[in-house]
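Thanks for coming, everyone. Let me walk you through a structure that is new to this group. Please have a look at it first.

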Amino acid sequence: MSMTSRERVLAVLNHEIPDRVPIVLGASNATGIKMAPYKGLKDLLGISAPDAYLYDWPELGSAKIDEDTMRRLHSDVRGVLDRFPKEIYERNSKRELHSPCIDDWGGGQIEIEPGIWFPGYHPLADATTVEELENYQGWPDMDDLSRIAHVAAEAKKLAQENEYAIMATPWLMFPFERAFSMQGMDKFLLNMAMYPDFAEALLRKNLSLCKKLIGNFLTEIGKDIDIIKIGDDLGTQDRLMISPKMYRKLLKQIHAELIQHIKKYTKAKIFFHTDGDVFDLIDDFIEIGVDVLNPIQTSAGKMANLEELKARYGKDLVFCGAVDTQHILPQGTPEEVRQEMKRVINNLGRDGGYMVASVHTIMHEVPPENILAMVDAVEEFGYYPLKG
């Protein structure tokens, strides 16, 4: 029996078998498309929608995908996003061309080549003491209502239409990554070892601010959403950024408290985004209440072993992602993409429990033909019973 998109996603979230594997594209930056391939996709499809960016943030580079394109991509999820405070948009609209784009935390992006921006401005780069954190004047105001003035109406409309699953995607509710943005990755990783009391204090400050915004956000929409996206990138190509011991000492409780806080406001499933080889922490994620693990970076170490992932964790987690954005999508032919989709779906999609998405954002180098090959392969191979 054919399902609506929302029914399809809810079935998977409840570890039931849907009519086909759901597709999660365009609901957030982590499941999105950069502007260049989005433009190519619209040209290929003959869609004339205007260019727009997620969060109205060109420096992020991720497209806000129009509804016609979302439907052609067979995306089963729609996102509800917060915004930066109004004064941040106003300030950045007046800044000098090519100068750093500073966000509401005081950190920001620098232009490393024309049109390409990278997080490179870190306001607490040299800090190593709790006193320096207490004296910092740039902490954001999470009670600024301009962040969330629009979200209740958007979520209510989607809920009343009852066609698509709804993903809440508050921006960068990632305490670990936010520490990177405040200090730089190298500095903060060093400080975790050299100044653990300072590192924990920064993580807890980030947590308190994330909890404040999420509380305000979910007060508006918690009853209407199906999924909420949080996370922290914890892996590299072949290992963790920090040891499992350090994760459990400094960061696991931070994530656990954030998830506990979210569950006060909503019954939505916890979608946890973490890049790289995080295989050795999956049991920890399950223990703290993660429901959906994303992006399953198949090019990174033990995350490539889809059979073991499914066998060990398929009863406890829904997997979302696993479509390689390092090799297959940018460099493969449409037929190679099609065959990879068949492989991934048949490994992770057995008995449900899998939602198709690229491994993080579809980047500039991906041909639009390969994006269509990816989603059309779901229509070919993703209906149950699977054609293995």
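**A walk through the model**

Start with the sheet: seven strands form an open sheet in the order S1-S5-S6-S7-S8-S9-S10, and the pairing is parallel. Strands S1 (77-81) and S10 (354-358) stand at the edges, each with a single partner strand, so one side of each is left without a neighbour in the sheet. From one strand to the next, the twist averages 25°. That angle is taken between N-to-C directions, on a scale from 0 to 180 degrees, with axes as lines fitted to C-alpha atoms, for helices over the stretch in contact.

A few ground rules. This is a predicted model, where local features need pLDDT of at least 70 and side-chain atom pairs count only at pLDDT 80 or more, while totals for chains, interfaces and linings use all residues. Residues are numbered from 1 along each chain as its sequence is written, and side-chain values use heavy atoms, with hydrogens and water left out. Helices (H or I, at least four residues) and strands (E, at least two) are DSSP runs, numbered from the N terminus. Two strands pair if DSSP finds at least two bridges between them.

Take S1. Five bridges join S1 to strand S5 (residues 165-169), and the two run parallel. Val-77 stands opposite Ala-165 in S5. Is S1 enclosed or open? Four of its five residues are buried, so S1 is largely enclosed by the rest of the structure. Buried means under 20% relative accessible area, exposed means over 50%, and partly exposed is in between (1.4 Å probe, protein chains only).

Strand S9 (residues 318-323) pairs with S10 over five bridges, in the parallel sense. Phe-319 stands opposite Tyr-354 in S10. Cys-320 is buried, with a relative accessible area of 0%.

**Cysteines**

How many disulfides are there? The count comes to zero, with a disulfide taken as a pair of cysteine sulfur atoms within 2.5 Å. Cys-101 is in no disulfide, and the nearest cysteine sulfur, that of Cys-210, is 19 Å away. Cys-101 counts as buried, at 7% relative accessibility.

**Spaces**

Next, a pocket and a cavity. Both come from a 1 Å grid over the protein atoms alone: a cavity is a set of points where a 1.4 Å probe fits but cannot get out, a pocket is an open set with protein on both sides within 12 Å along at least five of seven lines, and lining residues have an atom within 4 Å of a point. Grid points are joined across faces, edges and corners, and a volume is the space filled by probe spheres set on the points.

The second largest pocket holds about 640 Å³ of space. Its lining has 24 residues, of which Lys-64, Gly-79, Val-80, Leu-81 and Glu-154 lie nearest the centre. Helix H3 (67-72), S1 and helix H6 (151-161) are the elements that give two or more residues to this lining. By class, the lining of this pocket divides into ten nonpolar, three polar and eleven charged residues. Here Ala, Val, Leu, Ile, Met, Phe, Trp, Tyr, Cys and Pro count as nonpolar, Asp, Glu, Lys and Arg as charged, and the others, Gly among them, as polar.

There is one cavity of 30 Å³ or more. The largest cavity has a volume of about 70 Å³. Among its lining residues are Tyr-55, Asp-82, Trp-105, Arg-147 and Leu-213. That lining has seven nonpolar, no polar and five charged residues.

Which peptide bond next to Pro-295 is cis? The bond from Asn-294 to Pro-295, with omega near 10°. Pro-295 is in the loop between strand S8 (292-294) and helix H12 (306-313). The bond from Tyr-384 to Pro-385 is also cis, with omega near -5°. Pro-385 sits in the segment after helix H15 (368-381).

Now positive phi. His-15 has a phi of about 60° although it is not a glycine. His-15 is in the loop between helix H1 (5-13) and helix H2 (35-45), and is partly exposed at 35% relative accessible area. Asp-351, not a glycine either, has a positive phi of about 60°. Asp-351 lies in the loop between helix H14 (334-348) and S10, and is exposed at 63%.

Last stop: Ile-148, in the loop between helix H5 (130-135) and H6. Ile-148 counts as buried, at 7% relative accessibility.
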